[in-house]
Amino acid sequence: AYPMAEIWPSQRVSPAARVARGVVRVNEQLNDLVLVFTLLAMLVGLIGIVLPVIPGTIVILVAAVIYALIDGFQAVGWPTLVVLGLLTVVAVTADLWATSVGAKVGGASIWSILAGLVGGLVGFLVLNLLGAILGAVLGVLLTEAIRVGDLGKAFKAGGGWALGWVLATVVQLAIGLVMVAIFVWQVMQGA
C-alpha cells in the first residue's frame with residue numbers, strides 16, 4: 001500500500017502525509033515571512049513613537065492582531081492581545097495625562113491646561129505635529145499670562161507642559177518596547 005514498504009511500519013509515510021509535510025513547510029515559510037513583516041511594522045511603530053508622525057503603539061497593536069489572525073491565534077492569543085490593547089490605551093492617553101500633570105506641576109490652572117489641549121488640537125490641524133506642540137505650549141502660556149499677569153509664571157507653566165510631553169514620549173516608548181517584547185516572547189513560546 002505504501003511506496004516505501006521496505007522500511008519499518010512505524011516509519012511508513014503515505015503520499016498524503018508527504019504532501020501535508022510539504023504544506024507544513026510552506027506554511028512555516030509563510031509564517032516566517034509574516035513574522036518578519038510584523039516585526040518591521042512594529043519597528044515602524046517604535047519609530048513613530050519617537051517621531052510622532054504615526055500612532056506608534058496603535059501600529060504595534062494592529063501588527064500583532066494581524067499576525068494573530070494569520071497565525072490562527074496559535075502563538076499570540078486573545079489574552080496577549082487584550083494586554084497589548086490595554087497597554088496601547090495607556091500609551092495613547094499618555095499625551096493627555098502626562099502633559100496635564102507637567103503643566104500642573106509647572107503651576108498651570110485647569111483653564112490653562114484646557115487651553116493647551118485646544119491649542120494643541122488647533123495647531124495639529126494647521127501644522128501637524130509641530131503645530132500641536134506649539135499650539136499646546138502657546139495655549140498654556142497665553143492663558144496663564146492672562147490669568148496671573150506674570151510672564152515668568154506663564155513660562156514655567158508652559159515649560160511644565162513641554163516637560164510632560166517629553167515624559168509622555170518616554171512612557172510611550174517604554175510601553176511600545178514592552179509590547180514588542182511581549183509579542184516576541186509569545187511567538188517564541190508558540191514556536
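**Exercises on a salt bridge and a helix pair**

Glutamate 144 is buried, with a relative accessible area of 1% (buried: under 20%; exposed: over 50%; partly exposed: in between; 1.4 Å probe, protein chains only). The model is predicted, so local features need pLDDT of at least 70 and side-chain atom pairs pLDDT 80 or more, while totals for chains, interfaces and linings use all residues. Residues are numbered from 1 along each chain as its sequence is written, and side-chain values use heavy atoms, without hydrogens and water.

**Exercise 1.** Identify the side chain that meets glutamate 144 in a salt bridge.

*Solution.* The structure holds 1 salt bridge (a side-chain nitrogen of Lys or Arg within 4 Å of a carboxyl oxygen of Asp or Glu). Its partners are arginine 147 and glutamate 144, at 2.9 Å from N to O. Both residues lie in helix α4 (residues 110-148), 3 residues apart, about one turn of the helix; helices are DSSP runs of H or I, at least four residues, numbered from the N terminus. Arginine 147 counts as partly exposed, at 44% relative accessibility.

**Exercise 2.** Describe how α2 and α3 pack.

*Solution.* Helix α2 (residues 56-71) meets helix α3 (residues 78-105) at about 165°, with axes 9 Å apart; axes are lines fitted to C-alpha atoms over the stretch in contact, and angles run from 0 to 180 degrees between N-to-C directions. The two are therefore roughly antiparallel (over 145 degrees). The contact (heavy atoms within 4.5 Å) includes Leu61 of α2 and Leu84 of α3. Its residues divide into 9 nonpolar, 3 polar and no charged (nonpolar: Ala, Val, Leu, Ile, Met, Phe, Trp, Tyr, Cys and Pro; charged: Asp, Glu, Lys and Arg; polar: the others, Gly among them).

Terms used. Angles under 35 degrees count as roughly parallel, over 145 as roughly antiparallel, 65 to 115 as roughly perpendicular and the rest as oblique.
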